[in-house]
Amino acid sequence: MASAKEIQSRINSIQDTMKITNAMYMISSSKLKRARKVLADTEPYFYALQSAIGRVLRHMPPDTEGNRYFDERSSVPKEERRTGYIVVSADKGLAGAYNHNVFKIAEECMEKDAHPQLFVLGEVGRQYFYKKNVDVDTNFRFTVQKPTMHRARVISEKMIASYVTGELDEVYIIYTRMANAANMVAEMQQLLPLKKASFHTPAQVMVDIHQEEIEMVPSAEEVLNSIVPNYLHGIIYGCLVESYASEHNSRMMAMDAATSSAKDMLKDLSIKYNRVRQAAITQEITEVISGAKAQKNKN
């Protein structure tokens with residue numbers, strides 16, 4: 001059995017670790033609140049953009065294949081299609097399975113596609129794929145801390161340019177969404193080409209509803225081409241903020257679990273320490289009594 005000094009040293013070490021896990025929990029909690037507030041403040045604008053695109057599409061021909069953002073390029077064979085994946089990971093670990101779940105989806109997609117291209121955000125993701133000798137585009141070496149609209153705009157402009165010029169036939173983003181306070185879901189969302197069905201509202205499927213007439217200058221096509229980039233900026237920004245919030249929520253849960261485990265360990269070690277200390281005291285008393293008896297018998 002370990003000595004009382006060794007047990008006390010381990011107790012002190014665990015208490016120091018608890019201070020760190022508690023501090024990380026509080027920091028992540030503060031950052032999570034700010035991230036959710038930012039997302040709540042910006043979401044209405046981009047939902048309005050989505051609604052505006054739906055209204056514009058109602059005044060365009062049913063076949064939107066001619067529009068560059070809706071062109072699915074069905075003439076390109078599956079084995080020749082080039083797919084871009086934006087993978088949003090974290091800059092730090094200690095966040096439970098947050099990074100692992102995103103990497104799992106990315107690797108599954110890479111196995112299915114003939115020509116995948118990775119755009120990784122977050123230092124953990126870059127290091128992970130570097131160690132696996134996976135070719136990663138180095139255009140986006142951004143930190144994922146404090147997502148900004150500027151970064152989202154830079155990313156979306158690069159993706160749009162690659163799609164329009166034919167370097168990529170499809171673009172997806174793999175990120176983590178907060179389903180609720182206790183559940184984070186890693187998922188993949190298609191950015192390009194856009195799907196017309198995703199902009200339908202319940203009113204649009206009811207043929208008896210009168211649809212408003214809007215005059216668009218110079219044309220509905222040009223208006224759509226002007227709105228869609230801003231919409232994609234917002235989608236990517238929303239994914240970045242969702243991932244940022246999910247990261248800190250995962251870290252909060254991981255740190256809370258670590259703190260609970262530390263408390264359980266301290267409880268067990270305290271019992272062991274008291275037993276060792278009691279045994280040492282009992283041994284000292286026994287030695288004193290034995291010495292006293294020996295001295296008495298000698299006399």
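This is a predicted model: local features need pLDDT of at least 70, side-chain atom pairs count only at pLDDT 80 or more; totals for chains, interfaces and linings use all residues.
Strand E4 spans residues 170-180, and strand E5 spans residues 183-192. These two strands pair in the antiparallel sense over nine bridges. A hairpin of two residues joins E4 to E5. Tyrosine 175 stands opposite glutamate 187 in E5. Isoleucine 173 stands opposite glutamine 189, also in E5. In a regular strand, side chains alternate between the two faces of the sheet.

Helix H4 covers residues 149-164. At 1.5 Å a residue, its 16 residues should span 22 Å. The end C-alpha atoms of H4 are 22 Å apart, which agrees with that expectation. The buried residues of H4 are Arg151, Ala152, Ile155, Ser156, Met159, Ile160, Ser162 and Tyr163. Viewed down the axis of H4, they fall within an arc of 165 degrees, so they line one face of the helix. Their packing partners are strand E1 (82-88), strand E2 (115-121), E4, E5 and helix H5 (220-298).

Serine 162 belongs to this helix. Its relative accessible area is 4%, so serine 162 is buried, the limit being under 20%. Beyond its neighbours within four places in sequence, serine 162 is in contact with Glu167 and Leu168. Glycine 166 follows H4 and has a positive phi, near 90 degrees.

Arginine 73 also contacts this region. The residue sits in the loop between helix H1 (4-57) and E1. Its relative accessibility is 14%, and arginine 73 therefore counts as buried. The side chain of arginine 73 makes a polar contact with the side chain of aspartate 169, at 3.3 Å. With neighbours within four places in sequence set aside, the contacts of arginine 73 are Arg81, Tyr163, Val164, Gly166, Leu168 and Asp169.

In soluble globular proteins, nonpolar side chains tend to be buried together. The largest nonpolar core of the model has 48 residues. Ile86 and Leu194 have the most contacts inside this core. Elements giving two or more residues to the core are H1, E1, E2, H4, E4, E5 and H5. H5 supplies the largest share, 16 residues. Leucine 194 touches Tyr69, Phe70, Phe199, Val228, Tyr231 and Leu232, not counting residues up to four places away in sequence. Another core, of 14 residues, lies apart from the largest one. Its members include Phe103, Val120, Tyr172 and Ala186.

Helix H2 comprises residues 98-112 and contains methionine 110. Leaving aside neighbours within four places in sequence, methionine 110 is in contact with Pro116, Leu118, Phe129 and Val134. Methionine 110 and threonine 83 are 27 residues apart along the chain. Their C-alpha atoms are separated by 9.1 Å.

Several loop residues have backbone features of note. Proline 193 lies in the loop between E5 and H5. The peptide bond from leucine 192 to proline 193 is cis, with omega near -10 degrees. Two residues other than glycine have positive phi values. Leucine 94, in the loop between E1 and H2, has phi near 55 degrees. Its relative accessibility of 56% means that leucine 94 counts as exposed, the threshold being over 50%. Lysine 146 lies in the loop between E3 and H4. Phi of lysine 146 is about 50 degrees, again positive in a residue that is not a glycine. Lysine 146 is exposed, with a relative accessible area of 61%.

Note on methods
Residues are numbered from 1 along each chain as its sequence is written. Side-chain values use heavy atoms; hydrogens and water are left out. Helices (H or I, at least four residues) and strands (E, at least two) are DSSP runs, numbered from the N terminus. Buried means under 20% relative accessible area, exposed over 50%, partly exposed in between (1.4 Å probe, protein chains only). Contact means heavy atoms within 4.5 Å. Two strands pair if DSSP finds at least two bridges between them. The expected span of a helix is 1.5 Å times one less than its number of residues. The arc is that of the directions from the helix axis to the C-beta atoms. A polar contact is a pair of N or O atoms within 3.5 Å; within protein, one must be able to donate a hydrogen and the other to accept it, and residues adjacent in sequence count only if both atoms are side-chain atoms. A nonpolar core is a set of buried Ala, Val, Leu, Ile, Met, Phe, Trp, Tyr and Cys residues joined through side-chain atoms within 4.5 Å.
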